[in-house]
Amino acid sequence: MKRLSRALLLITCLAISLQAGLAYAELKKGSDVPNIQAKDIKGNEVDLYAMLDKSPDDLAILFFFTTQSGEIFAERLRELKRGFGDSDLRIIAIGLKEEEAALKAFADKLKIDYYLIADNSELSAESKYGPFTSLPVTFVVAPRRTLVKEISGGGEGEADILTYVAHACLMTNKPAQAEKAADVAIKEGETAAPAREAKGYAQVQQGKLDAAAQEFQQIDSKTGLAAVAMGQGDYAKAAALADEATGDPYAPVIKGEAMLRAGKPEEAQQAFGAAAPTEDWKKNAAVRGEGRAMQEQGNLDGAIAKYGEALEINPADVTALSNESAAHQAKGDLKGAEAALARAEAVSPNDQTVAIMLRQIRQEMENANNTKRRELIQKQIADLQQRYKDLKAAGKDKPADDWSSRPLVVAFLPTERQPIFFERAGTDVAIQRELEARLRENPRFQVVEREVLDTLLQELNLGSSDLANPDTQLRLGKVLSAQLLGFADFAQTGPEAKMYLRMVNTETTSIDTQISKALPPTGDVGTFVDDLTRDLTDKVLAARPLQGIVADATSPEEIWINLGKIHGLQPGQQFVVIRDGAPIEAGGKVIGHRPDPVGTLEVTTVDEQASACKVIKKKEGVDFTKEMRIKETK
């Protein structure tokens with residue numbers, strides 16, 4: 001079995017020998033579990049918090065049982081560990097009021113290779129996790145230390161413990177771990193239908209649609225097949241199959257999700273409201289989905305309330321927190337938006353989408369509090385607005401110097417096409433803003449600020465249909481001094497969602513660069529934008545090598561060129577110096593000259609619009625003179 005490439009599943013098994021009832025009066029869902037620091041029966045140091053902090057994305061399961069009644073659990077956890085591989089699973093077992101010798105015998109009998117700890121007054125597990133009146137008890141802990149699920153007592157809980165582990169993985173957005181746990185549950189003989197159902201939904205979340213369909217067919221689950229159809233992008237079929245799944249309280253949830261993706265939030269809200277599942281992970285999906293349907297209809301307060309309900313069921317619901325943040329932001333409540341994303345980051349610190357959205361919100365808050373910046377932007381917008389009006393009747397004049405590179409200014413404009421449905425509201429905006437931020441890190445690019453651009457378009461009353469007009473694009477390019485206007489569209493084709501990026505040349509109004517890219521899972525936005533930025537810069541810059549002219553050659557020791565910081569120049573860059581060579585004739589006329597490379601310059605000092613260079617190489621008998629052309633060497 002292949003090892004997981006990223007997050008590991010951490011399972012902590014605490015074996016405690018106590019008598020009967022209900023447990024953990026002090027611990028509640030959403031609270032942090034206490035730490036455990038001790039030595040195991042082999043003398044190994046064990047620190048629960050250290051383990052969780054080392055791998056903050058890992059799931060922890062705290063399992064309480066006695067050596068007298070916990071044999072089935074211990075064996076299944078052993079098999080779960082084997083299913084994940086040695087490096088993907090760590091188990092800690094604590095025996096309260098158990099003799100160390102008894103624990104050793106228990107471990108030897110069952111061939112347990114995870115940590116076993118005998119409780120003592122220093123560890124005091126009962127005071128931290130109890131009081132206990134009924135065993136077995138299982139706590140499921142989300143990444144970091146948050147309690148998200150509890151399973152107590154014997155009976156069904158004992159029969160399907162690994163299936164419950166799979167449910168917890170589904171609820172905390174860990175489908176690969178859920179699939180593995182469900183797989184072990186099936187092999188260990190747990191109730192077939194729930195185990196296979198959990199495995200099927202885990203496969204749907206990973207895009208393994210054919211495998212998921214096979215699992216759902218084995219248990220005759222029309223609801224599961226509806227989820228497969230939704231994953232294939234066939235929302236009508238998904239809704240129809242969900243309607244056929246009479247008696248399944250989860251079927252309306254799948255229908256609701258299909259309606260959301262089909263752009264029918266009213267029908268989605270009705271479906272979510274009719275759902276009545278019993279498992280926590282399904283209830284969580286139903287309530288969160290109803291909130292999203294409200295949000296799509298503009299009922300932001302109702303959506304925020306529903307996200308709060310979803311978080312009571314699953315405190316680690318990063319999607320609910322992300323959507324709550326988007327709802328606060330739409331209301332103009334940046335503090336509320338930041339607070340929701342900060343909670344999401346605490347639960348899932350390595351989630352790229354959360355990190356990007358949180359950084360963007362905090363930047364927006366900082367900008368909003370910067371009075372001088374706002375005043376400067378207002379003046380800039382007024383100037384640009386007047387400039388746009390003055391250029392309405394302007395011709396398409398070319399610059400006098402059509403050889404030298406101009407500063408590479410880019411502006412990303414809104415598009416007419418509606419974006420596709422994203423599970424996390426605002427993902428499309430976050431992607432575009434992150435792309436702008438990454439481009440700003442490249443010295444060759446200058447990106448028009450979003451606030452300036454949005455306000456200018458509003459003042460000029462220019463909508464997305466106006467921006468599709470080539471004449472408008474030409475005028476905007478002149479006003480903004482932008483060489484390229486960017487347009488980002490999102491589209492769904494079957495199961496695959498894609499981003500289409502077009503860069504329009506403002507001098508010709510023709511498409512300069514096109515990129516299409518399949519959208520990633522929600523948590524991989526950072527990697528996606530990294531790849532997108534690299535593809536875009538490679539294509540744009542490959543067609544635009546820096547070139548200019550010698551501005552001053554009075555000193556042979558220091559040659560000045562007409563390129564500087566605004567062009568993205570940096571010390572160390574080299575340029576070949578070119579003079580006109582032999583003439584090129586056609587029809588009895590000289591139509592040009594062959595380029596004659598006569599030397600090489602290296603940039604030493606960079607000013608805003610010009611740079612000083614030293615001579616690296618020069619052809620014998622040639623003197624560098626003003627107006628000689630230069631071109632960047634590769």
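**Close-up 1. Contacts of Tyr 201 in the predicted model.** Beyond its neighbours within four places in sequence, Tyr 201 touches Leu 170, Phe 216, Thr 223 and Gly 224, along with Ala 227, Tyr 250, Ile 254 and Trp 281. Tyr 201 and Leu 80 have the most contacts inside the largest nonpolar core. That core has 87 residues. Helix H6 (residues 161–171) supplies its largest share, 9 residues.

**Close-up 2. Asn 173 in a loop.** Asn 173 sits between H6 and helix H7 (175–187). Its phi is near 60°, a positive value in a residue other than glycine. The relative accessible area of Asn 173 is 51%. Asn 173 therefore counts as exposed, the cut-off being over 50%.

**Close-up 3. Ser 481 between a helix and a strand.** The loop that holds Ser 481 runs between helix H23 (470–480) and strand S11 (484–493). Ser 481 is not a glycine, yet its phi is positive, at about 55°. Ser 481 is partly exposed, with a relative accessibility of 35%.

**Close-up 4. Ala 102 and Thr 67.** Ala 102 belongs to helix H3 (residues 100–110). Its relative accessible area is 33%, so Ala 102 is partly exposed. Thr 67 is 35 residues away from Ala 102 along the chain. The C-alpha atoms of the two residues are separated by 8.3 Å.

How values were computed: Residues numbered from 1 in each chain as written. Predicted model: local features only at pLDDT ≥ 70, side-chain atom pairs only at ≥ 80, totals over all residues. Heavy atoms only, no water. Helix = DSSP H or I, 4+ residues; strand = E, 2+ residues; numbered from the N terminus. Buried < 20%, exposed > 50% of the residue type's maximum accessible area, 1.4 Å probe, protein only. Core = buried A, V, L, I, M, F, W, Y, C linked by side-chain atoms within 4.5 Å. Contact = heavy atoms within 4.5 Å.
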